[in-house]
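Hi there,

Here is the structure I promised to pass on.

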Amino acid sequence: MKIASRPKCLTKEHFSYCPGCTHGIGTRLVAEALDELGLIEETVGVLSVGCSVMLYKFIDCDFIQAPHGRASAVAVGVKRALPEATVFAYQGDGDLAAIGTAEIVHAAARGDKITIFFLNNAIYGMTGGQMAPTTVEGQATTTTPEGRDPALQGYPIRMTEMLSTLDGVAYAARVALNSPRNVRQAKRAVRRAFEVQQEGLGFAIVEMLSTCPTNWGVKPTAALELIDKQMLPTYPLGEFKVPEGMKKVVTC
Ligand SMILES: Cc1ncc(C[n+]2csc(CCOP(=O)(O)OP(=O)(O)O)c2C)c(N)n1
Ligand code: SF4
């Protein structure tokens, strides 16, 4: 019996993320969930920019590219035009929490029935490691070489908790991609976020804590540890909102 196989909807392209980047794990989890739920033929993915934009090469569904930060707004448009489609956006933290803050907040507040995957690596990855709104206190980046100082640069934004307070949000969870246990939990949350859309329950978001070894300036294994040491104290894992009657699937 095969215990591991390649998701059918993954293309033959090799991942072009940097070695050790957990964007690859996020990509695989989305592909596995689409296969398992039999959704690939009806799915439209929306990407804006940042390293997440490479997803269109790896998953064999329809994709639209949005301007930077606008993936959730474009996803809303696609879902309203094609209500039968499964529509998801896959966005980094610079994209979703800085450039696209307005779009994500209003999509969530309206309760648009879309699924958002939010890859939080606490940094602008593609452009060279600048501070993002999600950069944690004390974290060194290329624009905060001495470490983020709240007195100068403010405090990190917990987007998922903030969005979970909005009535239009049906499902809001944070998971991490840094250990086998956390990846298994992440998989459940990814599936659940698609199921919430299939059942027409409202807006769903899954934040995935992800590594950027290249711009964090550490080896891949050290980057996995930094998620535990550096990110979890600011970004606890869990489901902040689940639809009534649905069980929680992330047990932290
Ligand atoms: C309106 C606009 N501002 C800035 C940029 C430049 N830009 C491209 S990718 C990127 C960083 C993306 O970082 P993030 O969303 O965190 O994704 P990551 O690469 O870390 O996965 C920036 C600032 C742009 N293309 N458009
Ligand atoms: S720059 Fe960072 S986020 Fe982008 S692929 Fe490389 S490691 Fe991943």
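Below is what turned up, starting with the sheet and moving on to the helices and the aromatic rings.

Please keep in mind as you read that this is a predicted model.

Seven strands make up an open sheet with mixed pairing, and their order across it is 2-1-3-4-6-5-7. At the edges you will find strand 2 (62–65) and strand 7 (238–241), each of which pairs on one side only. On average, neighbouring strands of this sheet are turned by 20° against each other, direction ignored. If you look at strand 3 (residues 86–92) and strand 4 (residues 115–120), you will see them pair in the parallel sense over five bridges. As a landmark there, Gln91 stands opposite Phe118 in strand 4.

Two helices that lie across strands of the sheet come next. Helix 1 (residues 23–36) lies across strand 1 (43–47), strand 3, strand 4 and strand 6 (203–209), and runs at about 175° to strand 3. Helix 7 (residues 180–198) lies across strand 3, strand 4, strand 5 (169–176) and strand 6, running at about 165° to strand 5.

How do these two helices sit against each other? In general, two packed helices are described by the angle between their axes and the distance between the axes. For helix 1 and helix 7, the axes come within 9 Å and cross at roughly 50°. The two helices are therefore oblique to each other, and the crossing of helix 1 and helix 7 is right-handed. On the helix 1 side, the residues in contact are Ile25, Leu29, Val30, Glu32, Ala33, Leu34 and Glu36, which meet Val183, Ala186, Lys187, Val190, Arg191 and Phe194 in helix 7. By type, the residues of this contact are nine nonpolar, no polar and four charged.

Helix 2 (residues 71–81) packs with helix 4 (residues 101–110) at an angle of about 35°, and their axes are 8 Å apart. Ser72, Ala73, Val76 and Arg80 of helix 2 make this contact with Glu103, Ile104, Ala107 and Arg110 of helix 4. Here the division is four nonpolar, one polar and three charged.

Finally, the aromatic rings. Searching the whole structure gives seven aromatic pairs.

Best wishes

Technical notes
Residues are numbered from 1 along each chain as its sequence is written. Chains are lettered from A and ligands numbered from 1 in the order in which they are written. This is a predicted model: local features need pLDDT of at least 70, side-chain atom pairs count only at pLDDT 80 or more; totals for chains, interfaces and linings use all residues. Side-chain values use heavy atoms; hydrogens and water are left out. Two strands pair if DSSP finds at least two bridges between them. Helices (H or I, at least four residues) and strands (E, at least two) are DSSP runs, numbered from the N terminus. Axes are lines fitted to C-alpha atoms, for helices over the stretch in contact, and angles run from 0 to 180 degrees between N-to-C directions. Contact means heavy atoms within 4.5 Å. Angles under 35 degrees count as roughly parallel, over 145 as roughly antiparallel, 65 to 115 as roughly perpendicular and the rest as oblique. A crossing is left-handed if the near helix is turned anticlockwise from the far one by less than a right angle, and right-handed if clockwise. Ala, Val, Leu, Ile, Met, Phe, Trp, Tyr, Cys and Pro count as nonpolar, Asp, Glu, Lys and Arg as charged, and the others, Gly among them, as polar. Rings of Phe, Tyr and Trp (its six-membered ring) pair if their centres lie within 6.5 Å; planes under 30 degrees apart count as stacked, over 60 as edge-to-face and the rest as tilted.
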